[in-house]
Amino acid sequence: NEGSLWGGRFAGGPADALAALSKSTDFDWRLAPYDIAGSRAHARVLHRAGLLDDAELDGMIEALDRLEADVRSGVYTPSESDEDVHGSLERGLIERAGPALGGKLRAGRSRNDQIATMGRMFLRDHARIIGRGVLDVVDALIAQSEAHPYAPMPGRTHLQHAQPVLLSHHLLAHAWALLRDVQRLADWDRRAAVSPYGSGALAGSSLGLDPNAVAAELGFDSAVWNSIDGTASRDVFAEFAWVSAMIGVDLSRISEEVIFWATKEASFVTLHDSYSTGSSIMPQKKNPDVAELARGKSGRLIGDLTGLLATLKGLPLAYNRDLQEDKEPVFDAADTLELLLPAVSGMVATLTFNTERLAELAPQGFALATDIAEWLVLEGVPFREAHELSGAAVQAAEARGVELWDLTDEEYAAISPRITADVRSVLTTEGSLNSRSSQGGTGPTAVDAQLAELKRQAAPL
Ligand code: ARG
């Protein structure tokens, strides 16, 4: 059975049904460049351990280079009988270097340490791409904030009008969550930057190979300290899937807002034509499909995480074949985010905010009631009483069908003589916003400081 990695102790080849079940080249072939890089590093440590002479090392590297070129150009592809990327590439190497030399490379390594290493290499590369994509969304949110300096909007809790906030403050709240996701990817990378290569099947190697030399050549910080952990653990994969799911959830929350903001009823934003879709039957339609797909795909990302965790849950140490199922969820998470992120950053960057409507709505729905209560506190009234008095003002305004600023000085005086005409200083959106100037608040000076800090934290990422 050509291309098979074992056979000595078997009387015959695998049943067709087993071969079909076993086969992973359909999804693991994308790891081929990493596997070849690992093979080059492995050839060098075999040489250093005296297991390949100078000419053999040169021949091996030359054959691997040719194999890599043929994989890249598509001249070399896995055959029907290849089980996985590792076996297929060994076949390709032997075809190029001959069995005498090509057959030497497998010494001291196993597909178990290879796959654990290749997976980490793949995920580290993609974490960088995803991190940049998330930062593009952060940049789009920053740009929208800077394009609307000091524009107010209705701040909501429970979707009900709560207090006026700056549009920039609201947008930057999403930016902070996404920035933390990028920080998480950077932090995750410290744990991912440890190479399992050299762990062998589970117990390490007797051949005097240097795992740290392989680790360094493959861009890792160091090699694992435990070969069982190196081959059997997948928490680094699961953590990648968790951060991916969190990014999906954060994008979904932005998207849910955009979907609401773009309704006729809200009319907070207009979507750019290039980031919205039409209807096959209703000519007037302009749909927020980017946002809806982001919301939908967040479910898929959560599924990638929970599927992987379920795979890992019952596994004894060390390697079990169940672990072949580790790849598709994390590949899917990476592919999904790499597709989604440019669309979301484009959608956010091209939103047109209806700032007039947002400003008009900002103080409505008695959103300045807290300002009355806090103004009373500054006048020496205990908050408990101030809350009651402001609530009475809301009741009076609601009974008359007016807003808080429409009540007369006499009406306020009737509620309490403590509410003098001076209360009007906070009965405007501007007065309300300006008063919230401590760190983290929505006041213009606080938001300026916030934006500077956000940029400072984003800069090194
Ligand atoms: N293709 C396997 C995987 O993806 C690696 C091969 C290990 N197979 C084995 N029988 N030990 O995990």
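Visitor: Where does S267 sit?
Guide: In the loop between α10 (235–261) and β5 (269–270). Keep in mind that this is a predicted model.

Visitor: What about its phi?
Guide: S267 has a positive phi of about 50 degrees, and S267 is not a glycine.

Visitor: Which loop holds Y150?
Guide: The one between α6 and β1 (152–157). Y150 is not a glycine, yet its phi is positive, about 65 degrees. Y150 is partly exposed, with 14 other C-beta atoms within 10 Å.

Visitor: How far is Y150 from G443?
Guide: Their C-alpha atoms are separated by 8.5 Å. Along the chain, G443 and Y150 are 293 residues apart.

Visitor: Where is G443, then?
Guide: In the loop between α17 and α18 (444–458).

Visitor: Is G443 buried or exposed?
Guide: Buried, since 20 other C-beta atoms lie within 10 Å of G443. Beyond its neighbours within four places in sequence, G443 is in contact with L433, N434, S435, R436 and S437.

Visitor: And Q439, buried or exposed?
Guide: Q439 counts as exposed because it has 8 C-beta neighbours inside 10 Å. Q439 also lies in the loop between α17 and α18. Leaving out neighbours within four places in sequence, Q439 has contacts with A446 and A449.

Visitor: How far is Q439 from G87?
Guide: 58 Å, C-alpha to C-alpha. In sequence, Q439 and G87 are 352 residues apart.

Visitor: Let's zoom out. How many helices and strands?
Guide: The chain has 18 helices and six strands. Its radius of gyration is 31 Å, well over the 23 Å that the globule rule gives for 461 residues, so the chain is more spread out than a compact globule.

Visitor: What are the spans along the principal axes?
Guide: The C-alpha trace spans about 100 × 55 × 40 Å.

Visitor: What share of the chain is buried?
Guide: 39% of the 461 residues count as buried. As for contacts between residues at least 6 apart in sequence, 74% join residues at least 24 apart.

Visitor: Which domains is the chain divided into?
Guide: Domain 1 (16–107), domain 2 (112–360) and domain 3 (362–458). The C-alpha centres of domain 1 and domain 3 are 70 Å apart.

Visitor: What does UniProt list for residues 366–434?
Guide: The unreviewed UniProt entry gives "domain: Argininosuccinate lyase C-terminal". Those residues are 59% helix and 0% strand. Their end C-alpha atoms are 18 Å apart.

Visitor: And for residues 14–303?
Guide: The annotation there is "domain: Fumarate lyase N-terminal", again from an unreviewed UniProt entry. That span is 63% helix and 7% strand, with end C-alpha atoms 33 Å apart.

Visitor: On to the ligand. Which residues are around it?
Guide: S24, D28, D84, R111, N112, I115, Y319, R321, L323 and Q324. By class, that shell has three nonpolar, three polar and four charged residues.

Visitor: Which helix gives the largest share of the shell?
Guide: Helix α6 (residues 111–147), with three residues. Domain 1 and domain 2 each supply at least three residues of the shell.

Visitor: Which residues does the cis peptide bond join?
Guide: L317 and A318, with omega about 0 degrees. A318 is in the loop between α11 (289–313) and α12 (327–349).

Visitor: Switching to α14. Which of its residues are buried?
Guide: D371, I372, A373, W375 and L376, in a helix that runs over residues 369–378. Their cover includes α15 (383–400) and α17 (429–434).

Visitor: Last one. Which strand holds Q163?
Guide: β2 (residues 160–166). Q163 is buried, with 20 other C-beta atoms within 10 Å.

Visitor: What is Q163 in contact with, leaving aside neighbours within four places?
Guide: G155, A367, T370 and S432. As for M153, it is 10 residues from Q163 in sequence and 9.0 Å away in space, C-alpha to C-alpha.

Note on methods:
Residues are numbered from 1 along each chain as its sequence is written. This is a predicted model: local features need pLDDT of at least 70, side-chain atom pairs count only at pLDDT 80 or more; totals for chains, interfaces and linings use all residues. A residue is buried if 20 or more other C-beta atoms lie within 10 Å of its own, exposed if 12 or fewer, and partly exposed in between; C-beta atoms are placed from the backbone. Helices (H or I, at least four residues) and strands (E, at least two) are DSSP runs, numbered from the N terminus. Two residues are in contact if their C-beta atoms, placed from the backbone, lie within 7 Å. A residue is near a molecule or strand if its C-beta atom, placed from the backbone, lies within 6 Å of it. Ala, Val, Leu, Ile, Met, Phe, Trp, Tyr, Cys and Pro count as nonpolar, Asp, Glu, Lys and Arg as charged, and the others, Gly among them, as polar. Domain bounds come from an automatic or database domain assignment. UniProt positions are given in the numbering used here, feature names are shortened, and annotations may be inferred rather than shown by experiment. The radius of gyration is taken over C-alpha atoms; the globule rule is 2.2 Å times the number of residues to the power 0.38.
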